[in-house]
Amino acid sequence: MAERYVMSIDQGTTSTRCILFDHGGRLVSVAQREHKQHFPRPGWVEHDATEIWRNLEQIGPKALAQAGADPGQVAAVGIANQRETTVLWDRHTGVPVTRAVVWQDTRTDMLVEELARRPDAYIVEELCGLHLATYFSAPTIRWLLDHTPGLRERAERGDVLFGTMESWLIWKLTGGPEGGAHVTDVTNASRTLLMNIYSLSWDDTLLDFFGVPRAMLPEIRPSAETYGVATRVMPGVRIAAALGDQQAALFGQTCFAVGEAKCTYGTGSFLLLNTGHEPVRSTHGLLTTVGYQIGAEPAVYALEGSIAITGALVQWFRDGLGLIGTAPEIETVARTVDDNGGCYIVPAFSGLFAPHWRSEARGIIVGLTSYITRGHLARAVLEATGWQTREVVDAMNADSGLNLRTLNVDGGMTANNLLMQFIADVLNVPVVRPMVAETVSLGAAYAAGLAVGYWPDLEGLRRNWHRAAQWLPAMDPELRAREYDNWQRAVERTFDWIKPHDEE
Amino acid sequence: MPGPVQSIERAAAILRLLAQGSGRLGLSEIANSLGLARGTAHGILRTLQMVGFVEQDEATGKYQLGAALLHLGTSYLDVNELRSRAINWADALAARSGEAVRIGTHLQGKLLVVHHVFRPDDTLQTLDVGMLLPMHATAMGKVLLAYDANAAAAVPEGDLEAFSRRTIRTTKELTRALSGIREVGWAADVEETTVGEASVAAPIRGYGGLVVGAMGISGPVERVCDPHNRPRADLVTFVRDAARAVSRDLGAPRW
Ligand SMILES: Nc1ncnc2c1ncn2[C@@H]1O[C@H](COP(=O)(O)OP(=O)(O)OP(=O)(O)O)[C@@H](O)[C@H]1O
Ligand SMILES: [Mg+2]
């Protein structure tokens with residue numbers, strides 16, 4: 001039977017999506033399911049990996065049914081996933097040993113501080129290109145090994161496996177306890193603090209530093225390569241790609257050339273710049289990470305500006321405060337006023353990521369007066385995403401010595417016209433959205449399709465890219481400067497909030 | 001103080017009647033039950049139909065409560081939410097058709113553009129979101145007039161503004177066009193707004209089947225239409241499929 005589609009699985013922080021794309025890179029069907037966010041203590045964020053697997057069991061067949069397709073018509077499946085989130089499971093039963101610890105979780109802040117005080121701590125950034133922060137997987141693995149009785153012994157025997165979400169799903173899809181493949185890809189491995197950024201393999205020095213047994217780690221593979229064949233959910237379909245969601249978006253935006261960049265607006269927002277075959281070090285608070293690796297070709301690296309909370313602030317406005325019914329309503333409410341009324345919200349919910357890297361910072365709302373309404377707060381929520389983007393773009397410009405000329409955007413928040421206009425205004429460059437807003441999924445599909453020959457080459461993929469919308473800057477420069485200054489003063493007020501003894 | 005308005009009392013009685021029993025009644029049954037002249041009952045039913053409180057089954061001619069009444073208070077869909085929920089399908093429609101895509105809703109007698117996807121040829125184009133267009137001269141506007149009782153009720157009586165030689169000019173002509181649209185389930189505008197431009201649009205339905213917006217493509221008439229100046233069948237199918245996909249995601253029943 002003719003292979004007509006490529007399937008993508010986007011296992012995100014808030015939901016899992018399954019999409020079928022046709023040869024033109026056009027979306028044919030989509031099925032999606034949210035999973036529960038567990039907040040057992042302040043600063044803790046957990047997911048149930050089994051719930052996520054069950055969601056995939058539902059949406060996979062649903063996406064096929066919607067297109068009237070059967071697995072035989074699917075050339076391959078590619079997976080993109082929330083990065084860093086840590087799953088530990090029992091190799092023999094296939095049951096997770098704890099809830100998955102999400103990248104936003106700050107339970108390891110004391111541990112990270114302790115590790116950072118070690119005289120050999122400088123080695124971490126040197127070897128893996130990342131800051132020592134709660135954000136990445138290694139401290140979480142260590143914390144779980146330290147806090148779960150008997151776990152370290154089981155991990156050392158290889159009875160308990162570690163993986164980020166793509167590893168977990170690939171292992172389950174390829175048979176689980178019955179011969180499931182325990183693999184990860186270079187982009188996901190580059191987010192653990194355990195992989196050597198040059199050799200692209202697990203680094204003994206780092207494993208020692210964090211006290212993580214090698215026996216529990218997956219095999220590191222290229223981002224586009226057949227890892228195995230699914231025995232469940234979409235039986236017979238080749239699993240041919242895996243990338244961290246942000247790297248998948250870089251790929252989906254076809255940023256294949258050095259100097260090309262994109263920013264994806266979801267739960268958090270992530271600006272990635274293709275730096276080619278050499279890892280480039282940042283001096284302005286950006287991360288060095290792997291962009292993608294196609295089969296046996298050399299890996300492509302990226303500089304990354306990670307913003308932890310953007311869409312999640314909108315979600316907090318909806319769920320935490322109950323001030324809107326749905327996320328898009330934020331735009332309706334924000335448009336009831338003309339400006340922020342002097343109010344700024346800095347969402348340092350998990351500390352601040354790039355370019356500040358302040359794990360002790362916590363969120364604030366400043367400039368409150370009795371004049372402030374729900375509309376002003378809604379504006380401040382959206383503006384927080386704009387100014388955080390400005391901060392990482394400034395850092396990227398400083399690091400690369402180039403000035404960004406347009407910003408390519410994607411993700412759920414790009415449906416918000418007020419926000420996209422604001423981003424163009426504060427960056428003073430055009431903002432461009434491509435014709436597939438689900439760029440994360442598209443990137444995973446592209447990589448899988450390339451791996452199995454469904455698409456011949458990168459050039460062909462590039463030709464599928466089209467501009468769907470563009471916002472041009474139109475803000476008075478003086479106003480921009482004044483507002484940025486206010487924002488930066490607001491950011492400073494979040495620093496040093498958590499004191500070491502607070503969390504004992 | 002003026003007394004109660006008789007026609008409103010009668011309308012309320014009709015709604016109560018339709019809310020009982022089988023919920024499907026013919027004109028004579030309604031007139032007889034309430035002791036009204038057929039003409040009087042018909043006039044009230046027509047008005048109730050216009051505002052969406054009553055629907056008439058096309059095959060049997062019987063009346064029943066309308067979807068607008070069933071979802072009174074919950075039928076409103078935020079336009080920004082509509083855009084968010086439709087964005088994937090609007091993109092796919094633009095990629096498939098090769099033309100620009102717009103989504104519109106009704107706002108005070110005009111068509112409000114709530115979403116716009118550029119024609120996928122990477123030429124310089126400007127976002128139209130927020131623009132107000134005439135209802136009777138656009139494919140999307142006509143879809144809303146055909147299916148959205150609120151929109152239809154906002155059309156003024158008398159002559160309609162002409163934008164080109166082909167614009168519909170009279171309410172009579174418009175009424176005929178709208179019933180044709182309801183028959184086929186989509187609308188076209190061939191050079192009715194702008195000479196050389198054509199559009200095709202279909203309804204987006206929300207929860208309960210209520211029409212909450214319209215979605216369509218537009219482009220040069222020689223690309224959108226066949227040599228007989230009729231919209232190309234493949235494009236019509238793309239538009240209808242995309243609008244249906246959005247409707248399904250919004251919880252509309254299949255139709
Ligand atoms: N119209 C909108 N305006 C503002 N924010 C929005 C809008 N639509 C969605 N969002 C926000 O965007 C996020 C959803 O975007 P998207 O679906 O790309 O993220 P996601 O893929 O779920 O994120 P993740 O991959 O981290 O799970 C949510 O946080 C939501 O609050
Ligand atoms: Mg995502």
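In chain B, helix α1 (residues 6-19) packs against helix α3 (residues 38-50) at an angle of about 75°, and their axes are 10 Å apart. Everything here comes from a predicted model, so keep that in mind as you look around.

**Chain B: the α1 and α3 pair**

- Angles from 65 to 115 degrees count as roughly perpendicular, so α1(B) and α3(B) are roughly perpendicular to each other.
- On the α1(B) side, the residues that meet α3(B) are S7(B), R10(B), A11(B), I14(B) and L15(B).
- An unreviewed UniProt entry annotates residues 5-67 of chain B as "domain: HTH iclR-type".
- That span of chain B, residues 5-67, is 57% helix and 10% strand, and its end C-alpha atoms lie 25 Å apart.

**Chain B: a six-stranded sheet**

- Strands of a sheet pair through backbone hydrogen bonds, and they can do so parallel or antiparallel.
- Here 6 strands of chain B line up as an open sheet in the order β5-β4-β3-β8-β7-β6, with antiparallel pairing.
- At the edges sit β5 (132-134) and β6 (187-190) of chain B, each of which pairs on one side only.
- Going from one strand to its neighbour in this sheet, the average turn is 35°, direction ignored.
- Strand β4 (residues 110-117) of chain B runs antiparallel to β5(B), and 3 bridges join the two.
- If you want a spot to look at, K110(B) stands opposite P134(B) in β5(B).
- Helix α6 (residues 139-147) of chain B packs on this sheet, touching β3 (100-107), β4, β6, β7 (197-205) and β8 (211-220) of chain B.
- The direction of α6(B) makes about 35° with that of β7(B).

**Chain A: a seven-stranded sheet**

- Chain A has an open sheet of 7 strands, ordered β15-β16-β14-β13-β19-β20-β21, and its pairing is mixed.
- Its edge strands are β15 (287-292) and β21 (467-471) of chain A, each pairing on one side only.
- Neighbouring strands in this sheet are turned by 30° against each other on average, direction ignored.
- Zoom in on β13 (residues 261-265) and β14 (residues 269-276) of chain A: they pair in the antiparallel sense over 5 bridges.
- Within that pairing, K262(A) has L272(A) in β14(A) as its bridge partner.
- Packed on the sheet is helix α12 (residues 374-400) of chain A, which touches β13, β14, β16 (300-307) and β19 (407-410) of chain A.
- The directions of α12(A) and β16(A) make about 145° with each other.

**Chain A: two helix pairs**

- Besides packing on the sheet, α12(A) meets helix α13 (residues 417-427) of chain A, with axes that come within 9 Å and cross at roughly 40°.
- That angle makes α12(A) oblique to α13(A).
- The crossing of α12(A) past α13(A) is right-handed.
- Residues making this contact include L382(A), W387(A) and V393(A) of α12(A), along with L418(A), F422(A) and L427(A) of α13(A).
- By class, the α12(A) and α13(A) contact has 9 nonpolar, 3 polar and 3 charged residues.
- In the other pair, the axes of α9(A) and helix α14 (residues 439-451) of chain A come within 7 Å and cross at roughly 75°.
- α9(A) and α14(A) are therefore roughly perpendicular to each other.
- Among the residues in contact here are A248(A) and F251(A) of α9(A), and V440(A), Y446(A) and L450(A) of α14(A).
- The α9(A) and α14(A) contact divides into 9 nonpolar, 3 polar and 1 charged residues.

**Chain A: loops worth a look**

- The peptide bond from A354(A) to P355(A) is cis, with omega near -5°.
- P355(A) sits in the loop between β17 (344-346) and β18 (364-366) of chain A.
- T254(A) isn't glycine, yet its phi is positive, near 55°.
- You'll find T254(A) in the loop between α9 (245-252) and β13 of chain A.
- T98(A) lies in the loop between β6 (87-90) and β7 (100-101) of chain A.
- Neighbours within four places in sequence aside, T98(A) is in contact with L88(A), L144(A) and T148(A).
- From T98(A) to E46(A) is 52 residues in sequence and 9.4 Å in space, C-alpha to C-alpha.

Definitions and conventions:
Residues are numbered from 1 along each chain as its sequence is written. Chains are lettered from A and ligands numbered from 1 in the order in which they are written. This is a predicted model: local features need pLDDT of at least 70, side-chain atom pairs count only at pLDDT 80 or more; totals for chains, interfaces and linings use all residues. Side-chain values use heavy atoms; hydrogens and water are left out. Two strands pair if DSSP finds at least two bridges between them. Helices (H or I, at least four residues) and strands (E, at least two) are DSSP runs, numbered from the N terminus. Axes are lines fitted to C-alpha atoms, for helices over the stretch in contact, and angles run from 0 to 180 degrees between N-to-C directions. Contact means heavy atoms within 4.5 Å. UniProt positions are given in the numbering used here, feature names are shortened, and annotations may be inferred rather than shown by experiment. Angles under 35 degrees count as roughly parallel, over 145 as roughly antiparallel, 65 to 115 as roughly perpendicular and the rest as oblique. A crossing is left-handed if the near helix is turned anticlockwise from the far one by less than a right angle, and right-handed if clockwise. Ala, Val, Leu, Ile, Met, Phe, Trp, Tyr, Cys and Pro count as nonpolar, Asp, Glu, Lys and Arg as charged, and the others, Gly among them, as polar.
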